[in-house]
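Subject: Structure handover

Hi,

Here is the structure for you to look over. My notes follow below it.

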Amino acid sequence: MDIRELISLDDVMEELSLGPNGGLMYCMEHLEENLDDWLTEELDNYLDDDYLVFDCPGQIELLSHVPVLRNFVEHLKRKNFNVCVVYLLDSQFITDVTKFISGCMASLSAMIQLELPHVNILSKMDLVTNKKDIDDYLNPVSSILLSELNQRMAPQYEKLNKALMELLDDFNMVSFLPLDLRKESSIQYVLSQIDFCIQYGEDADVKVKDFDVDGEDDD
């Protein structure tokens with residue numbers, strides 16, 4: 001399905017003289033108004049065991065300012081879909097501890113707003129030249145990150161930095177899986193985590209290999 005069959009960002013920007021962010025907000029609110037009509041009709045084209053992936057805009061305003069995406073997933077749940085969020089953070093963005101913490105906070109904002117199981121992914125790992133730097137963020141040590149954070153920021157932010165690290169560390173709320181598109185094992189592992197979150201396949205009938213009970217050897 002394609003939301004552009006319902007409304008186009010380019011058309012909205014041209015007709016209403018809106019910028020990209022304002023136009024996108026308008027489009028998403030228009031989608032929200034048509035959940036019971038357009039979206040429901042589109043969803044009726046799929047079977048109960050179909051696996052749907054919704055590619056959502058990345059603007060954080062859609063999570064922090066308006067309830068559009070929350071209402072969207074609530075609509076899916078009312079239609080008996082098992083839903084989880086796959087949050088992508090570009091590994092190219094993770095160049096220092098401040099950007100890593102920023103990415104964690106954005107992910108945490110989405111978790112709080114949507115109240116859904118989350119799978120956080122560091123994407124484009126195949127483009128990373130220095131894997132060691134990224135490994136430090138895949139298995140973070142809070143004391144080391146806090147020390148690096150304090151070194152990069154002014155002294156008046158030390159209490160804030162400590163509170164942020166405690167939030168991430170004590171509750172273990174945000175962790176990331178690496179996704180390397182060159183490695184099938186990496187893709188399969190990420191997919192298995194998503195399947196686990198949405199309980200995909202758990203209702204499927206067990207398939208037992210056919211065999212002939214009466215075909216046993218007489219001897």
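This is a predicted model. Asp-11 counts as partly exposed because its relative accessibility is 41%, between the 20% and 50% cut-offs.

There is also a nonpolar surface patch. Leu-16, Leu-18 and Tyr-26 make it, and its area is about 250 Å². Tyr-26 lies in helix α2. With a relative accessible area of 38%, Tyr-26 is partly exposed.

Helix α3 spans residues 35–43. Its buried residues are Leu-35, Trp-38, Leu-39, Thr-40, Glu-42 and Leu-43. What covers them? The cover includes α2 (20–33) and α5 (68–78).

His-75 is worth a look here. This residue lies in helix α5. Is His-75 buried or exposed? At 1% relative accessibility, His-75 counts as buried, because buried means under 20%. Leaving aside neighbours within four places in sequence, His-75 is in contact with Leu-35, Asp-36, Leu-39, Thr-40 and Leu-43.

Now the charge pairs. Side chains of opposite charge can pair when their charged atoms come close. How many salt bridges are there? The count comes to 6.

- Arg-70 with Glu-115: the closest N and O atoms are 3.1 Å apart. Arg-70 lies in helix α5, and Glu-115 lies in the loop between α6 (97–114) and β2 (118–123), so the pair ties together parts that are 45 residues apart in sequence. Arg-70 is partly exposed, at 24% relative accessibility. Glu-115 is exposed, at 54%.

- Glu-166 with Lys-162: their side chains meet in a salt bridge at 2.5 Å, N to O. Both residues lie in helix α9, residues 158–170. They are 4 residues apart, about one turn of the helix. An α-helix has 3.6 residues a turn, so residues three or four places apart point the same way. Glu-166 is partly exposed, with a relative accessible area of 34%. Lys-162 is partly exposed too, at 44%.

- Arg-182 with Asp-180: this salt bridge is 3.1 Å, N to O. Arg-182 is exposed, with a relative accessible area of 57%. Asp-180 counts as buried, at 5%.

Last, the backbone. Which residues have a positive phi without being glycine? Asn-80 has a phi near 70°. Its place is in the loop between α5 and β1 (85–90). Asn-80 counts as exposed because its relative accessibility is 70%, and exposed means over 50%. Gln-199 has a positive phi of about 55° and is not a glycine either. Gln-199 sits in the segment after α10 (184–198). With a relative accessible area of 44%, Gln-199 is partly exposed.

Best wishes

How values were computed
Residues numbered from 1 in each chain as written. Predicted model: local features only at pLDDT ≥ 70, side-chain atom pairs only at ≥ 80, totals over all residues. Heavy atoms only, no water. Buried < 20%, exposed > 50% of the residue type's maximum accessible area, 1.4 Å probe, protein only. Helix = DSSP H or I, 4+ residues; strand = E, 2+ residues; numbered from the N terminus. Contact = heavy atoms within 4.5 Å. Salt bridge = Lys/Arg side-chain N within 4 Å of Asp/Glu carboxyl O. Patch = residues over 30% accessible without salt bridge, like charges linked within 9 Å, V, L, I, M, F, W, Y side chains within 5 Å. Areas by Shrake-Rupley, 256 points an atom, 1.4 Å probe, with all protein chains shown as cover.
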